[in-house]
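I opened this entry to keep track of what I looked up, one topic at a time.

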There are 2 protein chains.
Amino acid sequence: MSDVLGNDRVWIGFDLGGTKMNAMLFDSAFEVRGRRRKKSRGSEGVDAGVERIILGIQKLLEESEVSPDRLGGIGIGCPGPLNLEEGVILELPNLGWKNVPLKRLLEKEFGCPAFVCNDVDSGMYGEFQFGAAQGARTAIGLFPGTGIGGAMIFEGKIFRGKTGSCLEIGHVPVMADGPFCGCGQRGCLETVASRLAMSAEIAKAAYRGQAPYILRVAGTDLANIRSGTIKEAIDAGDKIVEAIIRDGARQLGVVLAGTVNLLAPDVIVLGGGLVEALPKLFLEEVGKAIAARIMPSYLKTYELRVASLGDDSGAMGAAAWARHCVEG
Amino acid sequence: MSDVLGNDRVWIGFDLGGTKMNAMLFDSAFEVRGRRRKKSRGSEGVDAGVERIILGIQKLLEESEVSPDRLGGIGIGCPGPLNLEEGVILELPNLGWKNVPLKRLLEKEFGCPAFVCNDVDSGMYGEFQFGAAQGARTAIGLFPGTGIGGAMIFEGKIFRGKTGSCLEIGHVPVMADGPFCGCGQRGCLETVASRLAMSAEIAKAAYRGQAPYILRVAGTDLANIRSGTIKEAIDAGDKIVEAIIRDGARQLGVVLAGTVNLLAPDVIVLGGGLVEALPKLFLEEVGKAIAARIMPSYLKTYELRVASLGDDSGAMGAAAWARHCVEG
């Protein structure tokens, strides 16, 4: 059976977030041929959730007028922890999932290879293939959000541990007896420099009356203090908001300095909503902190860049990773 | 021409230290067939120094009754900074060398491929091929001495930057406004947890009268407070010496915890004279500190071991790396 795309293989990338799903279909030249976005709806449970993923892929194929036997592979980026080899989601707390053999379920349904990978890894692989990290030998990505995601692409491949992903830059220890962390530890980088940690500092400043713009538009609920609000507050002159963000960026830079000393990357990519809202501030402050703290011999050996694919990086990277795994 | 080793290729590994040179010759089964150790004699200058290396290799071949045309390759481990691709020692302050094209000089002299690599990398590659890190997928080495050496073997290869070596664990920032470091920075791990840093703390304690054994046998000159002296002082009951070493080991462990979170090694090797003098103490204290600070999901994913090749690791690893580069 032939269809509008000819006879080449097509690839699907699926970004399974805790709150959103983003699915994209690519032709063999990696042009976008279709996309679907949905909420993840955690309350449905595992079976209904997997069913939604399968239905989403089926509809994406239908809408794109592509026959399923044309599928070269499916890549799916998921929050961890994962068993990468077997393609099992070991735990996905936001959706209440445990031990979901997603690779096997998708391969059975669609009759093509499927690959499960960490969502930060797939996003960074997307930036490597199509975005800010193209051409890099060693590219490190840092994505401050609710937590802080980290990833590395080394010589064209996602750098991973034996069974799971790694590059957990957000969990590098930076403070003895520091704030509690979601991972069960305390004093990890993300307890002081994630968007969530900075939002909490901003909420405290608002409560103290030091951030009038924030207090007016968001109150003291840190769930309301999002990337856009933070940018607006800085533009509106809330000086302490700018100081908090710059200090968080500085702390990211200090840990990145140690990471440069360890891994000698040629490209460092900063991404996520907050960085994309304030790209100039982050490039400046993170860049200054890295340069101030690395070994002098590593100065000028790397470029610091802002991610360029936005929310599509995960789906694009997952599809490209599936192709890499199938075609090498 | 035939000789006692038959017709297989032989390999030479050369460890060029700031104070000592160690050269070893291996047959194709990597059995040791000869060795020479010499002082490095910095005062001679570059030409005489290179001449000594060449003469040393010639004598090693003669003593082992091996014809030079049997040489498969020469590996040479050197302190940095290096240009690895071109095999140039950019700077070797202890010997007063600058821009020495060692690879080219050795290849011209011996008519076989030569490979320059970082001395910590070659030592760790030796541990990977023949010692404590055999069979590892991702092995990280940490060697506290005058500074702190770090290295990683990943999927059978030395992990390197684009032009030079990396894994500078000793220069991960651990303290704002910390002690000055030899690299030009301050507050690097090695300013608080190298043998040199710990010896200085011990010398202060001796000066204050808190380390009576040290004061008696070494005085307050930190150059006299060597690994053996430190072990003896602990055995003799200088409590503060033990506390200082345990605290240094703890700080190594905290930085290794961050490194585990980043790189998910399956093996971590601790080495160097001080660790080899006090293996139990280091395994215990570093192990405790890593476990106390890593992400809980990485617990039990790695083994902590003490290096097993001692001073020969560098020459063995350099020879094995030369073979790897030639034979793949």
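**Entry 1: domains.** I noted before anything else that this is a predicted model. I looked up how chain A is divided and found domain 1 (10–125 + 312–327) and domain 2 (134–307). The centres of domain 1 of chain A and domain 2 of chain A, taken over C-alpha atoms, are separated by 27 Å.

I then checked where these two domains touch. On the domain 1 side of chain A, 14 residues are in contact with 13 residues of domain 2 of chain A. Strand 5 (82–83), strand 8 (114–118), helix 3 (119–130) and helix 11 (313–327) of chain A each supply at least two residues of that domain 1 side. Helix 3 of chain A gives the most, with four residues. By residue class, I have the domain 1 side down as eight nonpolar, four polar and two charged.

**Entry 2: a helix pair.** How do helix 5 and helix 8 of chain A pack? I found an angle of about 155° between helix 5 (residues 195–207) and helix 8 (residues 239–263) of chain A, with their axes 10 Å apart. An angle over 145 counts as roughly antiparallel, so helix 5 of chain A is roughly antiparallel to helix 8 of chain A. The crossing of helix 5 of chain A with helix 8 of chain A is right-handed.

I listed the residues that make this contact. Helix 5 of chain A brings A:Ala197, A:Met198, A:Glu201, A:Ile202 and A:Ala205. Helix 8 of chain A brings A:Ile240, A:Val241, A:Ile244, A:Ile245 and A:Gly248. I sorted the residues of this helix 5 and helix 8 contact in chain A into eight nonpolar, one polar and one charged.

**Entry 3: chain A against chain B.** I looked up the contact between the chains and found 27 residues from chain A and 27 residues from chain B. Helix 8 of chain A turns up again here: it gives the most to the side of chain A that touches chain B, with seven residues. That side of chain A divides into 14 nonpolar, eight polar and five charged residues.

Last, I compared the two sides. Of the interface residues of chain A, 100% are also interface residues in chain B, so the copies meet through the same surface.

Note on methods:
Residues numbered from 1 in each chain as written. Chains lettered and ligands numbered in written order. Predicted model: local features only at pLDDT ≥ 70, side-chain atom pairs only at ≥ 80, totals over all residues. Axes fitted to C-alpha atoms, helices over the stretch in contact; angles between N-to-C directions. Parallel < 35°, antiparallel > 145°, perpendicular 65-115°, else oblique. Left-handed = near helix turned anticlockwise from the far one by under 90°. Contact = placed C-beta atoms within 7 Å. Nonpolar A, V, L, I, M, F, W, Y, C, P; charged D, E, K, R; others polar. Domains from an automatic or database assignment.
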